[in-house]
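Please look over the sequence and the structure below. The briefing that follows goes through them topic by topic.

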Amino acid sequence: MAELAGLDDPRIRAVNEKHGDDHGVNLGKLRALAKRLKTQQELARELWATGDSAARLLALLVCRPKAFGRDELDVMLREARTPKVHDWLVNYVVKKSPHAEELRVAWSADPDPVVASAGWALTTERVAKKPAGLDLDGLLDVIEAEMKDAPDRLQWAMNHCLAQIGIEHAGHRARALAVGERLEVLKDYPTPPGCTSPYAPVWINEMVSRRDGA
């Protein structure tokens, strides 16, 4: 904890706070520290228990993802209220867990929009990598009905799923594009030069064009 405190940079903290995060540690330095520590599951649990965001990010880098129980991961997600901790927990730990599918189903139906956003992130992973058994038309129905008025984090996750369906599944592409065009979610999102817009129709067409031209 003392070492993490020594890495805290007020300038980085100021930038992160604009995005809802509350730590000031350079992520490259955090990863270097994790590389030195290597995998230590009990240390990971102790770091998580501090409640400190930088410590929790470090915990997610040194933990053993498959060692967490289903209920443990559920509690951790509900405790992970800052975007970076939430994203790393889902992407670095839950996606590698044997409980990922069970949690995907439970979280997607959760009344807490931040928890539900994690369920949608796991669904997007399945859309891309293990679509067998998924009701893509049903997902598009929910997105069409609910995405426009969803809170920011949930809306972002549903929009990512919409784009992924359009990119990966040609048979559903026309509908995904139509849903995106009708809802206009993130249509005016400021996108830096060289980056792809998160507006689903632009995102879908750009990624399909790149792949077809490859």
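A residue is called buried under 20% relative accessible area, exposed over 50%, and partly exposed in between, using a 1.4 Å probe and protein chains only. The model is predicted, so local features need pLDDT of at least 70 and side-chain atom pairs count only at pLDDT 80 or more, while totals for chains, interfaces and linings use all residues. Residues are numbered from 1 along each chain as its sequence is written, and side-chain values use heavy atoms, with hydrogens and water left out. Helices (H or I, at least four residues) and strands (E, at least two) are DSSP runs numbered from the N terminus. Contact means heavy atoms within 4.5 Å.

**Rings and a charge**

- Two aromatic pairs turn up in a search of the whole structure. Rings of Phe, Tyr and Trp (its six-membered ring) pair if their centres lie within 6.5 Å; planes under 30 degrees apart are stacked, over 60 edge-to-face, and the rest tilted.
- The ring centres of Trp-88 and Tyr-92 are 5.0 Å apart and their planes are at 35 degrees, so this pair is tilted.
- Both Trp-88 and Tyr-92 belong to helix α7 (residues 83–93), where they are four residues apart, about one turn of the helix. An α-helix has 3.6 residues a turn, so residues three or four places apart point the same way.
- Trp-88 is buried at 5% relative accessible area, whereas Tyr-92 is partly exposed at 26% relative accessibility.
- Arg-56 has its charged end over the ring of Trp-48, 4.3 Å from the ring centre. For this, NZ of Lys or CZ of Arg must be within 6 Å of the ring centre and within 35 degrees of the ring normal.

- The buried residues of α5 include Ser-53, Arg-56, Leu-60 and Val-62.
- Among the elements covering them are α1 (2–7), α3 (27–37), α4, α6 (70–79) and α7.
- Thr-50 lies in the loop between α4 (41–49) and α5 (53–62), and is partly exposed at 39% relative accessibility.

**Helices α9 and α10**

- Helix α9 (residues 113–129) and helix α10 (residues 136–146) have axes that come within 12 Å and cross at roughly 145 degrees. Axes are lines fitted to C-alpha atoms, for helices over the stretch in contact, and angles run from 0 to 180 degrees between N-to-C directions.
- Trp-120, Thr-123 and Val-127 of α9 meet Leu-136, Leu-139, Val-142 and Ile-143 of α10. This contact has six nonpolar, one polar and no charged residues. Ala, Val, Leu, Ile, Met, Phe, Trp, Tyr, Cys and Pro count as nonpolar, Asp, Glu, Lys and Arg as charged, and the others, Gly among them, as polar.
- Arg-126 is also in α9, and is buried at 16% relative accessibility.
- Beyond its neighbours within four places in sequence, Arg-126 has contacts that include Glu-101, Arg-104 and Pro-131.

**Helices α11 and α12**

- Helix α11 (residues 152–168) packs with helix α12 (residues 173–183) at an angle of about 150 degrees, their axes 8 Å apart.
- Leu-162, Gly-166 and Ile-167 in α11 meet Arg-173, Ala-176, Val-179 and Gly-180 in α12. Four nonpolar, two polar and one charged residues make up this contact.
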